[in-house]
Amino acid sequence: MLGVCYYPEHWGVEKVEEDFKKMKELGIEYVRIGEFAWSRIEPERGKFTWGWLDKTLEAAERLGLKIILGTPTATPPKWLVDEHPEILPVDKHGRVKNFGSRRHYCFSSPVYREEVKRIVSIVAERYGKHPVVVGWQTDNEYGCHDTVRCYCPRCKKAFQKWLERKYGGDIERLNKAWGTAFWSQEYRSFDEIELPNLTPADPNPSHLLDYYRFASDQVVEFNRLQVQIIREYSPGRFVTHNFMSGFTDFDHYKLSRDLDFASWDNYPLGHTLVFLRNKGEHQNPFDRVGHPDIISFSHDLYRGVGKGRFWVMEQQAGPVNWAPYNLWPAKGAVRLWTWQALAHGAEVVSYFRWRQAPFAQEQMHSGLLAPDSSPSQGYQEVKQVFEELKGVDLNKAVKSEVALVFDYETAWVFSIQPHGEGVNYLDLVFRFYSALRRLGLNVDVIPPESSLDGYRIVVVPSLAIVKEEVLENFKKYNGVLVFGPRSGSKTGTFQIPEEMPPGLLKELIPVEVKQVESLGLKNVETLLWKGKEYPVTIWREDVDPTITEVVAKFKDEYGAMFQKENVFYLAFWPDREFLIDFFEELAKEIGLTVKRFPEGVRIQRRGDVVFAFNFTPEEIEVEIPEESQIILGSHKLQPYSLAIWKEKKR
Ligand code: GAL
Ligand code: ZN
């Protein structure tokens, strides 16, 4: 259940055998290779050098390692770019991005798509049935380095076609949907439509939203091309893609329908730092280990994206090179992250990377081995995990009583018209998620149209656009439903709904948003709930209080939270402390067991196996029910460490 990312093309085939032996000793079972190796596979058009890859696979076979082959499409080689410079992407300032790093291609480029089909077919045909090839990774981190949205002439054409299909060839429908009467934006035909960049003032939000949807669809199509070919040549092998943390530029649920499961790349230190800075916070108490909830949110999301199955394809194993600053992880962190991933349901945790490269862009990025092959701190911890793994049964599925609805379109709506600083969908989602986790609840992260059967509470931090079928889904559900601000605030084409927000959701909870305000980060309003006061910043809504029950108010008398039977509407950007209190109370009311753990301690359940994680530098005691069977650690959680026990019965 452990793996590693490896680059035979960096070390020469002579080293492979020795490296594989060492991996085996360390307990590595899976090795991902090949995802950037196009120039080594095909140094010139039609000329292939297979020796190094053949030998790599032979060595894996001899030593009993399993291979995940990456398609090399994230890095088209120089000869291809020179032949077809039009495959290069264009940024939103209209500048062509150059050769010399990676991801230098446009998803819409017809020429590039043909080249992708060609190279994927050749590689898949050659190795698709090789006994050590157990699966495939398509490309690498779609969208990394801001590459989903391209502004080249090919994209413009493809976008026009996409719009023509969407609006049934009727330009008047588009004019209406986009409200182009405003500022003389009216179009007479689809081929008049530009890409939404380089405008003096903000582009039309409906135009942007359609463009974001289009760009997302291009990624989905691009991936599908590859999957179809791999399935043809490599029957019985899995196909996955390595997604990123906190990345919303394309719809991951949609793309993942073509995959067997999801995987993602887990870099806790950098992700935590970047997330906090985006929120304007420069204090980071988790700087050497990462915030437990920022990490596990992605585990829970990708379990949902992967329809119940996911891997960590790249796991940080030491300091990285790309964050605002790059600390080495605390002693124990690599082991902690590995166990955390497994507790949330990861089937495999694969470390990035085997050996630090002494050359090129990532020479300051650590690996399990230093450039001279001496083992790092991370290496020692992997060794420990491998030993510990032998005693733990990880066959049980993760089951959650709470679901959180996460929606890519909502992320796009918030980013297109945030309406105020600090308005960020991921921040809002994180507040809800982190509050639930603080109470020891397992959480499933799901798309809005997913079945809600079996959940006791379904939390929707916000769902800007509510589709009919999603409304039906909510209507069928009879547990507790909690909606956050801006839910139902837009139509499918980015307009304010005729019936006023929350639009269709009014059928579930009769509230009406009269006006909204965004608050400066220093405009603090005070929320009153059950005799306590909570600060509210960023956002609030003025909801007509005469229609439904007001269950919380602001000090200045505006309504804050509304309830009808088991449906709640929160008309403000909730503070995490409030959410912890609120969910604790709610859970008690419906007889759901919750327990407040100290900050930095987290609980996760896989069947009857309970994991307790300590993300702090102090020893912390947790209560382990008496009849439990302790599998690892003890009730005294050591710094950056964990305990595992088997519960008798809950
Ligand atoms: C990932 C990427 C890897 C490597 C790594 C460094 O984004 O997939 O190829 O660059 O980051 O942390
Ligand atoms: Zn393009």
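## Ligand contacts

An oxygen atom of ligand 1 sits 2.9 Å from an N or O atom in the side chain of arginine 102. Histidine 365 also reaches the ligand: a side-chain N or O atom is 2.7 Å from an oxygen atom of ligand 1. For glutamate 362, a polar side-chain atom is 2.3 Å from a ligand oxygen. A polar contact here is a pair of N or O atoms within 3.5 Å. The protein covers 94% of the 310 Å² of accessible area that ligand 1 has on its own (Shrake-Rupley method, 1.4 Å probe).

The shell around ligand 1 includes Phe36, Asn140, Glu141, Asp265, Tyr267, Glu314, Trp322 and Phe352. A residue belongs to it if one of its heavy atoms lies within 4 Å. The shell divides into 4 nonpolar, 2 polar and 5 charged residues. Phe, Trp and Tyr are among those that count as nonpolar; Asp, Glu, Lys and Arg count as charged.

## Model and confidence

This is a predicted model, in which local features need pLDDT of at least 70 and side-chain atom pairs count only at pLDDT 80 or more, while totals for chains, interfaces and linings use all residues. Residues are numbered from 1 along each chain as its sequence is written, chains are lettered from A and ligands numbered from 1 in the order written, and side-chain values use heavy atoms, without hydrogens or water.

The protein averages a pLDDT (the predictor's confidence in each residue, from 0 to 100) of 97. A score of at least 70 is reached by 100% of the residues. Confidence is lowest in helix H11 (residues 268-278), with a mean of 95. It is highest in strand S5 (residues 238-240), at 99. Helices (H or I, at least four residues) and strands (E, at least two) are DSSP runs, numbered from the N terminus.

## Aromatic pairs

The whole structure holds 55 aromatic pairs. Rings of Phe, Tyr and Trp (its six-membered ring) pair if their centres lie within 6.5 Å; planes over 60 degrees apart count as edge-to-face. Tyrosine 267 and tryptophan 322 form an edge-to-face pair, at 5.9 Å and 80°. Tyrosine 267 lies in the loop between strand S7 and H11, and tryptophan 322 in the loop between strand S8 and helix H13, so the pair ties together parts 55 residues apart in sequence. Tyrosine 267 is buried (under 20% relative accessible area), at 6%.

Tryptophan 529 is buried, and so is phenylalanine 578.

Conventions. A polar contact is a pair of N or O atoms within 3.5 Å; within protein, one must be able to donate a hydrogen and the other to accept it, and residues adjacent in sequence count only if both atoms are side-chain atoms. Rings of Phe, Tyr and Trp (its six-membered ring) pair if their centres lie within 6.5 Å; planes under 30 degrees apart count as stacked, over 60 as edge-to-face and the rest as tilted. Buried means under 20% relative accessible area, exposed over 50%, partly exposed in between (1.4 Å probe, protein chains only).
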